[in-house]
Amino acid sequence: MTVMKIYEKKFVKWISFFLACGIFFGACSTDKKTGPVSDYIFGTVCTVNLFEDGTKENYEKIFSRLRKIDDTFSVKKSTSQISLINQNAGRQSVTVSQEVFDLLKICVDAYGRTDGSFNPALGSLINLWAIGTDREKVPAASEIENAKSHCNPKDIFFVEETDAEGKKIFLCGINDPLTQIDLGGVVKGYAADEIVKMLKNYSIKKAVINLGGNVYVFGKKNENAPEEKWNVGIKNPFDPNSEPIKIVALDESSVVTSGAYERFFISGGKKYHHIIDPKTGFPSESGIASVTIISRSSCLCDILSTAYFVAGNDCNYKEKFSGEEIKVIFILNDGEIVEN
Ligand code: AMP
Ligand code: MG
């Protein structure tokens, strides 16, 4: 793909985003005093609306945290902590921050709880397909088989040490030199939760966070009418720039969607999207056009949106992630909406 084509893709994304905002924020516009503010982070458009607490200083603090999270976790940045672990795979562990250590542990644990559908060690397959880059192509079957054999999260290891001054040191490494970590399926959810922590610390009353479709509606929509819900639109996976296929009325929660329409290419008349089934090594084909997860933890929503997209609507992970109320909305390929 040429540079021009990449530029066009980003431009189309921005346009789609503003259309989506018109739908989403339009419903909230009566309360708005300043903002919303948008920036391009995590390879997508991120928008935050702080309503009456929307000072320049608050926005700056939030966007600087978002950029820091991207700098820490992005595999597209060679100096990120995840890239450093990957570059040292099969050789040595590297010192990481506690947040990297903790999120990686959550992801490896989620691999077990989702029977392998969510896999944080899928980097070799994701790099091979290269979807959304100028290298995207259908790989040879032998290449897929080979990459698939280097995707075991059990090869990620963790070491916790205490230095001479009693300070904790966190180390992380990969045993297999060809295994690579990719947290693209969780990092926006993690980031949304981190922003919610900041909102609580700064006593911000209400906010809407939208990190490329990972949404968090925070606080009461209307302080004077506490029963009033937030309305969040679920994109139509068959026509993402049209009206939402469904609107959900919610109290404070995160709403995260994984969909085949987000990033894909077409080859030989067949669509290849960006969510890989670790069992086949191919983009998942579970009969789902999109799946939306609603819960108080955006990190959990993000993990589950990817996992359910791979596993399909016959699957139920709710008991495996007890503690949070979880709602799942599938849009099947034939348009049927299944909720559980
Ligand atoms: P999401 O849009 O949240 O479903 O995340 C998709 C992104 O997660 C992809 O672009 C990859 O970076 C990564 N990914 C793809 N397949 C998987 C999988 N089965 N488990 C974990 N991460 C994945
Ligand atoms: Mg996800």
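This passage walks through a predicted model, from its overall build to its ligand site and a handful of single residues.

In this predicted model, local features need pLDDT of at least 70 and side-chain atom pairs count only at pLDDT 80 or more, while totals for chains, interfaces and linings use all residues. Residues are numbered from 1 along each chain as its sequence is written, chains are lettered from A and ligands numbered from 1 in the order in which they are written, and side-chain values use heavy atoms, with hydrogens and water left out.

The protein has eight helices and 15 strands; helices (H or I, at least four residues) and strands (E, at least two) are DSSP runs, numbered from the N terminus. Its C-alpha trace spans about 60 × 60 × 45 Å along the principal axes. The radius of gyration is 20 Å, which agrees with the value near 20 Å that a compact globule of 340 residues would have; this radius is taken over C-alpha atoms, and the globule rule is 2.2 Å times the number of residues to the power 0.38.

Of the 340 residues, 49% are buried. Here buried means under 20% relative accessible area, exposed means over 50%, and partly exposed covers what lies in between (1.4 Å probe, protein chains only). The protein exposes about 15900 Å², of which carbon and sulfur atoms supply 51%; accessible areas come from the Shrake-Rupley method with a 1.4 Å probe, and for residues only the protein chains shown count as cover. Among contacts (heavy atoms within 4.5 Å) between residues at least 6 apart in sequence, 60% join residues at least 24 apart.

The ligand site comes next. Ligand 1 has 18 residues around it, and Asn119, Asp182, Ser258, Ile276 and Thr306 come nearest; a residue is near a molecule or strand if one of its heavy atoms lies within 4 Å of it. By class, this shell holds seven nonpolar, seven polar and four charged residues. For this count, Ala, Val, Leu, Ile, Met, Phe, Trp, Tyr, Cys and Pro are nonpolar, Asp, Glu, Lys and Arg are charged, and the others, Gly among them, are polar. Helix α8 (residues 298–311) gives the largest share of the shell, three residues.

Several polar contacts (pairs of N or O atoms within 3.5 Å; within protein, one must be able to donate a hydrogen and the other to accept it, and residues adjacent in sequence count only if both atoms are side-chain atoms) can be traced at this site. A backbone N or O atom of Ser117 lies 2.9 Å from a nitrogen atom of ligand 1, and a backbone N or O atom of Ile276 lies 2.8 Å from a nitrogen atom of ligand 1. The side chain of Thr306 places an N or O atom 2.7 Å from an oxygen atom of ligand 1. The protein covers 95% of the 500 Å² of accessible area that ligand 1 has on its own.

Helix α8 also holds Ser305, which counts as buried at 0% relative accessibility. Beyond its neighbours within four places in sequence, Ser305 is in contact with Val256, Thr257, Ser258, Val291 and Ile293.

Glu252 sits in the loop between β9 (246–250) and β10 (253–259) and is buried, because its relative accessible area is 17%. A polar atom of the Glu252 side chain lies 2.8 Å from the backbone nitrogen of Gly219. Not counting residues up to four places away in sequence, Glu252 touches Tyr216, Val217, Phe218, Gly219, Trp230 and Arg296.

Asn58, in helix α2 (residues 56–73), is buried as well, with a relative accessible area of 12%. Tyr202 lies 144 residues from Asn58 in sequence, yet their C-alpha atoms are 8.4 Å apart. Apart from residues up to four places away, Asn58 touches Leu50, Asp53, Tyr202 and Ile204.

Ser203, in the loop between α7 (187–201) and β6 (207–211), has a positive phi of about 55° although it is not a glycine, and Ser203 is exposed at 56% relative accessible area. Asp115, in the loop between α4 (98–113) and α5 (123–129), has a positive phi near 50° and is partly exposed at 46%.
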